[in-house]
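User: I am new to protein structures and would like to learn how to read one. Could you walk me through some features step by step?

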Amino acid sequence: YVIVDYRRGQIPVYDPKFTTLFPRMWSNIRKGSADFYKTWGGPGVPVQVTDRDGKAETLNKPTFGENLKFFFTYQVNWMYLRYFMWNFSGRQDDIQSFGSSMNGNWITGIPFFDQWKLGHSTVNLPEKVTSRASHKYFMLPLILGLIGLFYQMRRDYKGNLVVIMLFLMTGLAIITYLNQQPYEPRERDYSYAGSFFAFSIWIGLGLLYLIDLLKEKLKFNHNLATIVATVMAFFLVPCVLAQQNWKDHDRSGKYSARDFSADYLNSCDKNAILFTNGDNDTFPLWYNQEVEGVRTDVRVVNLELAAGSWYIDQLFRKAYDSKPLPFSLKQEQYQPGSNDVIPFYDLGIKDYVDLKDLIDFIKSDAPETFVTTQSGEKVKFFPARKIRMIVDKDACIKNGIVPEYMKNQIEDTIYFTIAANQLLKNDVMMLDILASNHWKRPICFASPNSVHSVFAAEKYCYLEGWVYKFMPVKNLNKEYLGGMGEIDPIGSYNILMHNCKWGNLNNPKVYVDPESLNNSLRPKMNFVLVAQTLIDMNEKQKASALVDEYYKYFPDPKFPLDIYDIPYVEVYYSAGETVKANKMVDRMLVLFNQDINYYSTFKGESRQDASEEMQSTLQALTKLQYLTKEYKQDNLSAKAESILKRIQL
């Protein structure tokens, strides 16, 4: 065994100024956590501290009472009781919510009660809000379960205590133990399945109470009471649950995860290296390669997993039809305890340093490539932020890094600055690949802004279908896509029109769940960006055909038109497709009018939840008014203006 971390057994020392009984509010994982805690718990009390630079600083410490408030209002009520009621009362929709009355709440299906609880109407909803995932159980499972609880308590209190302990230990006890933090990446209802199973035991016992009730009150014999109670309970609970849940849990015919991930792979050139960012980015791609045999020449590199040496070890080996990735550092230099964190140490280097020289510096065992910390430990450092990469133009053309129609735009040298104060293992891995590739294999990013702090890839990335291809061709537009890159309209048009599949989401029987809807935003953005670029190139027919292709696979009303469809309207107008554009505008005005009527039902505190959506709708109407006026569609412009005036009144 080799010891790589000597900190085992160390005990953390907490600042006594910030310790309290039953602490619940602390997180350094997600941005916005402090404001989230203040909203749910309270502002805290100011505490004077000294920062690392010796300067006085004021921080807020949550009080014991605020910790309790956060525990009961958020962790118990929102993150447990809400999930509990989803299963036994009803569910508003399947959109993740962090406290808004608009999404993710429990409901009953009783309109006046739900309106009182949420602060707005739950009937006659606009198409945008109407959801197949709205489940209305009318509290029937809850009532039957409570009946079973009290029935068992009266008949078998010892057995009842056992079920109660199971219910509490797999529910509230887990809430206390996990101390869930703000902005979980997904709803965590599955964490408490054991508690819900325990309550289901009481639902079953509730049936026994109904049998006894029929026997005692109506004098039914045992067999008749059993049959009547079973039939009645069966239709009131399991049948209602099945009818309400099937419409959004049926996944037959839906292939969006498979098709969208294959589209990523099929957007890459031969033998490409594709950098992805996390589980959802990566696992469907691996499925396509492993099971479907799609583009096994592409090497998918998960930047998040590359923080672990075990994963980097795999990159040194062949996978499917992909050769091992190019590295300069040795495999052992990526092992735990080696190059885990490499800080920046300023040696006063002003000029740009070649990326290959930087990697060689990190690779070197020379004493001068290490710096001694205050604890006496010697650690590797990197001495320069300003980096350059020399471009081999011939290799770029020969290996398909840059297409022929861009060869005259190839830069001699790429310049970038490392903004981060330290390089993590996955950062070093990516820079090592860039330096050691020698322009032999195409490199693509699922999202180039994910590496912005280390490598400003977006300045040299071009959208091609679903991915952003890294090319030594500097973006001509100063305002390239925020954090993403420029557009290769020719390559993207061919990919989107001929190389992609769209998951069968246009099938009326297929339910578009929130994850599929979220993933569909990528093609929605890509199609319109390419179409707009084609309009700028005066390729109006291609631009119009591209928009037609998009709405063929993502049609309204499966994907109700919203503010993000307005650029598509403008493409149609610019391409001379006035009839198609007008039809879209007319439909949008109907939908936006529905939204306004819905938002006007919000009362009290819930009104604040709708304010942002209302502002977005007003913004969309204003854009439509100006757009239709610009293209001399006076009737539609007047219609939009009349809706705006009605809102203002």
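**Reading strands, cores and salt bridges**

Analyst: Let us begin with a pair of residues: Tyr462 has Lys469 in S16 as its bridge partner. Strands (E, at least two residues) and helices (H or I, at least four) are DSSP runs, numbered from the N terminus. Please keep in mind that this is a predicted model, where local features need pLDDT of at least 70, side-chain atom pairs count only at pLDDT 80 or more, and totals for chains, interfaces and linings use all residues. Residues are numbered from 1 along each chain as its sequence is written, and side-chain values use heavy atoms, with hydrogens and water left out.

User: How many bridges join strand S15 to strand S16, and in which sense do they run?

Analyst: Two strands count as paired if DSSP finds at least two bridges between them. Here, S15 (residues 461-464) and S16 (residues 467-470) run antiparallel and are joined by four bridges. Both belong to an open sheet of six strands with mixed pairing, in the order S6-S5-S14-S16-S15-S17. At its edges stand S6 (299-302) and S17 (486-487), and each has a single partner strand, so one side of each is left without a neighbour in the sheet.

User: How do I read the side chains along a strand?

Analyst: In a regular strand the side chains alternate between the two faces of the sheet. Buried means under 20% relative accessible area, exposed over 50%, and partly exposed in between (1.4 Å probe, protein chains only).

User: Which strands pair with S11?

Analyst: S8 (residues 353-354) pairs with S11 in the parallel sense over two bridges, and Asp354 stands opposite Arg388. S12 (residues 413-417) runs antiparallel to S11, with five bridges between them. There, Lys386 faces Thr417 as its opposite residue.

User: What about the nonpolar core? Which residues touch the most other members of the largest one?

Analyst: A nonpolar core is a set of buried Ala, Val, Leu, Ile, Met, Phe, Trp, Tyr and Cys residues joined through side-chain atoms within 4.5 Å. The largest has 129 residues, and Met429 and Leu431 touch the most other members. Helix H21 (residues 578-599) gives this core its largest share, 10 residues. A second, separate core of 38 residues includes Phe70, Tyr74, Leu149 and Val163.

User: And how do I read a salt bridge?

Analyst: Side chains of opposite charge can pair when their charged atoms come close. The cut-off is a side-chain nitrogen of Lys or Arg within 4 Å of a carboxyl oxygen of Asp or Glu. The structure holds 22 of them. In one, Asp556 and Arg587 have their closest N and O atoms 2.6 Å apart. This pair links distant parts of the chain, with Asp556 in the loop between helix H19 (540-553) and helix H20 (566-574), and Arg587 in helix H21, 31 residues apart. Asp556 counts as partly exposed because its relative accessibility is 27%. Elsewhere, salt bridges that share partners join Arg30, Glu184 and Arg188 into one network.

User: Are Arg188 and Glu184 buried or exposed?

Analyst: Both Arg188 and Glu184 are buried. Their closest N and O atoms are 3.0 Å apart.
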